[in-house]
Protein chains: 2
Amino acid sequence: MRRAVAADLSRIVAMLSDDPLGQGRESGLVDATYRNAFESIDRDPSHYLAVADRGGEVIGTLQLSFLPGLARHGMWRAQIEAVRVAREARGEGIGRFMFDWAIDKARAQGCGLVQLTSDAERTGAHEFYDRLGFKPSHVGYKLQL
Amino acid sequence: MRRAVAADLSRIVAMLSDDPLGQGRESGLVDATYRNAFESIDRDPSHYLAVADRGGEVIGTLQLSFLPGLARHGMWRAQIEAVRVAREARGEGIGRFMFDWAIDKARAQGCGLVQLTSDAERTGAHEFYDRLGFKPSHVGYKLQL
């Protein structure tokens with residue numbers, strides 16, 4: 001796992017798009033909107049856009065964010081968003097590898113909790129999170145603006 | 001609604017504690033852990049710890065965070081955490097007032113989505129989020145470290 005660089009952007013966007021839910025939400029092309037978002041993530045040390053790099057080939061991505069909060073006795077949280085494993089690398093334990101890395105990094109940053117939300121339709125992902133020890137204790141609400 | 005200041009901290013922590021779930025998670029006392037968390041939130045413009053102030057009396061709080069991401073075509077998200085209305089001010093529409101403010105602020109910041117998670121046990125809160133137009137489309141996973 002390493003920090004994503006600008007040259008990884010088209011590969012990451014392709015992975016975000018190559019997904020039943022992502023298809024309708026992403027444009028496959030890397031335009032200024034994606035580039036601006038990448039720069040906002042990259043310049044803020046609270047966010048770590050990571051890629052799984054196997055011999056120079058990017059086969060997975062996730063975004064890890066470290067968020068302060070007062071609740072739970074001032075506990076820092078790590079939040080994981082935009083998780084994808086490249087289609088050709090699925091079923092090889094890459095997701096597990098990426099999450100082990102992310103959880104270790106969260107712990108090293110002093111976080112007391114790792115949180116994420118997963119679309120209710122992603123039942124395969126839910127089994128994966130259950131196996132990692134995550135508890136589906138919350139309802140994830142979204143409001144489109 | 002206004003930005004919380006250090007002098008509000010004991011009142012905010014009291015509101016976080018005065019809650020069926022918060023009781024077991026918060027200590028009522030404002031110690032260094034809470035103060036450090038407050039400072040981390042306060043110095044980062046990505047986070048806005050807000051209080052509802054009615055004539056000098058703080059009767060509600062929430063934390064609003066603005067998070068960049070590549071997914072959904074590089075869409076910024078606003079995330080809401082640690083929502084409380086003071087016990088003596090419930091049933092007066094304060095929650096609605098706070099959320100109208102937060103949603104307006106998210107829109108003004110260029111966010112395309114407002115997101116939050118709510119403990120599955122908070123069924124009253126879920127009706128409230130439904131009424132505001134939030135969709136319970138996701139499962140919220142937490143892993144304690």
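## Terms and basis of the model

Helix axes are lines fitted to C-alpha atoms over the stretch in contact, and the angles between N-to-C directions run from 0 to 180 degrees. Helices (H or I, at least four residues) and strands (E, at least two) are DSSP runs numbered from the N terminus. This is a predicted model, in which local features need pLDDT of at least 70 and side-chain atom pairs count only at pLDDT 80 or more, while totals for chains, interfaces and linings use all residues. Residues are numbered from 1 along each chain as its sequence is written, chains are lettered from A and ligands numbered from 1 in the order in which they are written, and side-chain values use heavy atoms, with hydrogens and water left out.

## The recorded domain

UniProt, in an unreviewed entry, places the feature "domain: N-acetyltransferase" at residues 1–145 of chain A; such annotations may be inferred rather than shown by experiment.

Twelve strands form an open sheet with mixed pairing, in the order E1(A)-E2(A)-E3(A)-E4(A)-E5(A)-E6(B)-E6(A)-E5(B)-E4(B)-E3(B)-E2(B)-E1(B), where two strands pair if DSSP finds at least two bridges between them. Its edges are strand E1 (2–3) of chain A and strand E1 (2–3) of chain B, each of which pairs on one side only.

E6(A) and E6(B) pair in the antiparallel sense over five bridges, and Val139(A) stands opposite Val139(B) there. Strand E6 (residues 135–144) of chain A also pairs with strand E5 (residues 113–119) of chain B, in the antiparallel sense and over seven bridges; in E5(B), Leu143(A) has Val114(B) as its bridge partner, and Lys142(A) stands opposite Gln115(B).

In chain A, helix H4 (residues 94–108) packs against helix H5 (residues 123–132) at an angle of about 45°, with the axes 11 Å apart. That angle makes H4(A) oblique to H5(A), since angles under 35 degrees count as roughly parallel, over 145 as roughly antiparallel, 65 to 115 as roughly perpendicular and the rest as oblique. Gly95(A), Arg96(A), Phe99(A) and Asp100(A) of H4(A) meet Phe128(A), Tyr129(A), Arg131(A) and Leu132(A) of H5(A), contact meaning heavy atoms within 4.5 Å. By class, the residues of this contact are four nonpolar, one polar and three charged (Ala, Val, Leu, Ile, Met, Phe, Trp, Tyr, Cys and Pro count as nonpolar, Asp, Glu, Lys and Arg as charged, and the others, Gly among them, as polar).

H4(A) also lies across strands E2 (47–54), E3 (57–67), E4 (77–85) and E5 (113–119) of chain A together with strand E6 (135–144) of chain B, running at about 30° to E3(A). In chain B, helix H4 (residues 94–108) and helix H5 (residues 123–132) pack at an angle of about 45°, with their axes 11 Å apart, and H4(B) and H5(B) are therefore oblique to each other.
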